[in-house]
Amino acid sequence: MKKLLTGNEAIARGAWEAGVKFASAYPGTPSTEILENMATYKGDVLAEWATNEKVALEAVIGASYAGARSMASMKHVGLNVAADPLFTNAYIGVNGGLVVISADEPGMHSSQNEQDNRNYARAAKIPMFEPADSQEAKDMIKEAFELSEKYDTPVLFRVTTRLCHSKGIVECGDREEVEIKEYVKDVKKFVPVPAFTGNMRIKVEERMNKLEEFSNSTPLNYVELNDTKIGVVTSGCCFRFAKEVFGNNVSYLKLGFTNPLPKAIMKEFASKVDKIYVIEENDPIIENELKVLGIECFGKDTFPFHGEMTSDVIRESVYGKTYETIKYDESKIVARPPTYCSGCPHRGFMYELGKRKDTVISGDIGCYALGFAEPYNAMDWSVCMGASLSMGHGAQKVFNMKKDNKTRVVSMLGDSTFFHTGINSLLDVVYNKGNSINVILDNRITGMTGHQENPGSGYTVQGEETEVVDIEALVKACGVKNVRVINPNNLEEVKNTFDWAYGLDELSVIITRWPCVLKKLSKADKDEFEGVFKDKCSVDSEKCVGCKICTKVGCPSIEFNNEKKKVSIDATSCVGCEVCKQVCPVGAIAKEVR
């Protein structure tokens with residue numbers, strides 16, 4: 001049976017065929033759809049959204065120890081969060097097969113950095129696979145589970161954005177029912193205390209030596225010998241990109257199993273070609289290995305050190321030019337920066353926050369990060385998931401050291417980010433007697449990555465109703481005394497709450513509670529929010545004076561006609577949040593109840 005699948009869909013399919021019984025993840029582009037597709041195999045696979053990547057991997061490790069084939073998936077920065085259990089699990093090993101998927105993002109299409117997680121496999125001393133297309137993604141994930149159990153090791157499965165989201169024809173198979181292995185108590189294997197870790201360390205080195213033998217013999221690494229004037233050594237999607245440029249006019253060493261690298265094959269290939277190009281995305285890992293082996297090659301001195309190695313980039317690097325494209329007047333292109341959706345609950349809050357003087361705003365990872373831009377100017381910095389409260393606390397402590405300090409720090413993050421690692425940060429602020437203003441933007445869902453469930457949404461990834469974590473109660477349980485829950489669309493309430501928080505000389509938490517306009521309401525939310533997005537706002541053109549104040553809320557439903565000098569509201573996208581109505585100085589905007 002053949003299917004047209006994205007790389008993410010193919011990974012899920014392969015894991016299902018391999019008999020995986022447990023999968024956990026935290027959503028993050030470009031990896032999100034892996035678990036979403038695993039969740040569709042109900043009855044065969046138990047799939048769960050975890051609160052963060054570390055928790056996801058820990059749950060998967062536990063499932064592996066209990067005897068089931070298990071899988072964790074995450075984007076590249078998520079592996080930073082999960083690194084702690086990964087490195088120790090490399091010492092301990094597995095019972096049921098365990099695969100960790102890292103979806104790297106060369107080019108940073110939706111990420112805060114560009115890192116090469118092949119380095120994690122080398123540092124943790126674990127084997128690594130790199131598929132080049134959807135078919136290989138499906139096939140290699142099955143091979144990865146077999147290898148994990150054979151060599152008693154977690155496996156890193158490295159993919160990139162282009163593979164995750166591009167589609168290809170995949171030959172699918174049936175599910176292999178793999179029995180849950182018996183768990184046998186063995187503290188020398190499963191408890192990494194100093195008395196046992198010495199032997200574990202030796203086992204890791206012995207395992208890597210055996211894996212190098214595997215690397216040199218597996219068909220996952222193969223040579224395609226054509227014209228021997230030029231040889232290309234490559235891995236992952238770069239192989240497909242190189243094929244588009246060179247076709248069968250060069251020879252290839254295609255690497256699918258890349259840690260440890262097949263040194264013997266690399267030496268043999270180098271002896272058969274006159275000139276070697278190494279095409280890899282991000283770090284020169286393969287290139288450096290070739291050079292250590294004394295093999296001359298052209299890598300990052302020829303190709304860019306960052307971004308995707310797409311066919312046009314390779315062609316430009318090697319030949320100095322690429323194919324001509326249609327020429328057009330670039331001055332006529334209108335910039336379309338990302339913006340909040342019509343009715344987004346972050347809009348009113350950001351509008352009011354951006355007006356505050358003597359304020360430093362500590363941001364986080366989520367839709368609300370768009371608040372840094374015009375017209376809000378409501379974010380000063382951002383580093384990683386859950387860091388806003390911690391950074392804001394440290395900054396406020398330093399500002400407080402200054403004589404006659406008036407600077408207040410407002411730290412903000414979303415509900416999913418709060419569950420991810422924000423709780424830890426809030427505990428730090430409470431424990432160390434901070435006095436920053438902390439905001440949890442509760443839009444009832446994990447919005448930025450495509451509306452995945454979280455502990456506050458009311459559903460699991462497989463659609464089961466579950467307990468809804470009460471953020472207000474949780475915040476109070478952490479020891480916060482000053483807590484207010486507000487409607488972020490009510491600008492007067494937002495303003496008054498800011499006045500209250502700024503007037504305190506101690507820690508406060510503001511929770512903005514309103515669902516994402518695109519969210520499917522949970523049973524818990526329906527009584528409170530059912531029907532809130534059915535109304536519309538409209539403009540009375542007779543009253544409108546063309547002052548453009550309503551456009552400063554940044555709503556894409558608001559349009560200004562330069563000829564008429566009037567504003568209008570697109571009824572097809574407006575959901576009647578009334579933020580524009582509240583800022584209109586002449587009462588020209590009204591709400592139409594439907």
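## Ground rules

Residue numbers start from 1 along each chain as its sequence is written, and side-chain values use heavy atoms, with hydrogens and water left out. Because the model is predicted, local features need pLDDT of at least 70 and side-chain atom pairs count only at pLDDT 80 or more, while totals for chains, interfaces and linings use all residues.

## Helix α3 and its ends

Let's start with α3, which covers residues 53-65. Helices here are DSSP runs of H or I with at least four residues, strands are E runs of at least two, and both are numbered from the N terminus. The 13 residues of α3 reach 18 Å from the first C-alpha to the last, close to the 18 Å expected at 1.5 Å a residue; the expected span is 1.5 Å times one less than the number of residues.

Its buried residues are E53, A56, L57, V60, I61, A63, S64 and Y65. Buried means under 20% relative accessible area, exposed means over 50%, and partly exposed lies in between, using a 1.4 Å probe and protein chains only. These buried residues pack against several elements, including β2 (22-25), β4 (70-75), α4 (76-92) and α16 (415-431). Just after the helix, G67 has a positive phi of about 115 degrees.

## Salt bridges

A search of the whole structure gives 36 salt bridges, each defined as a side-chain nitrogen of Lys or Arg within 4 Å of a carboxyl oxygen of Asp or Glu. One of them joins R69 and E146, whose closest N and O atoms are 3.3 Å apart. R69 sits in the loop between α3 and β4 and E146 in helix α6 (residues 134-151), so this pair ties together parts that are 77 residues apart in sequence. R69 is buried at 3% relative accessibility, whereas E146 is partly exposed at 40%.

Two further pairs lie within single helices. In α12 (residues 285-292), K291 and E287 are 4 residues apart, about one helical turn, and their closest N and O atoms are 2.7 Å apart. K291 is partly exposed at 42%, while E287 is buried at 4%. In α17, E472 and K476 are likewise 4 residues apart, with a closest N and O separation of 3.2 Å. E472 is partly exposed at 29%, and K476 is partly exposed at 44%. Elsewhere, D104, D116, R118, E130, R158 and E280 are linked in a salt-bridge network.

## Around N482

N482 belongs to the loop between α17 (471-477) and β17 (483-486) and is buried, with a relative accessible area of 14%. Its side chain makes a polar contact with the side chain of E506 at 3.0 Å. A polar contact is a pair of N or O atoms within 3.5 Å; within protein, one must be able to donate a hydrogen and the other to accept it, and residues adjacent in sequence count only if both atoms are side-chain atoms.

The side chain of N482 also reaches the backbone oxygen of L507 at 2.9 Å. Leaving out residues up to four places away in sequence, N482 touches W500, L504, E506, L507, S508 and V509, where contact means heavy atoms within 4.5 Å.

## Loop residue V191

V191 is in the loop between α8 and α9 (194-217), and is partly exposed with a relative accessible area of 33%.
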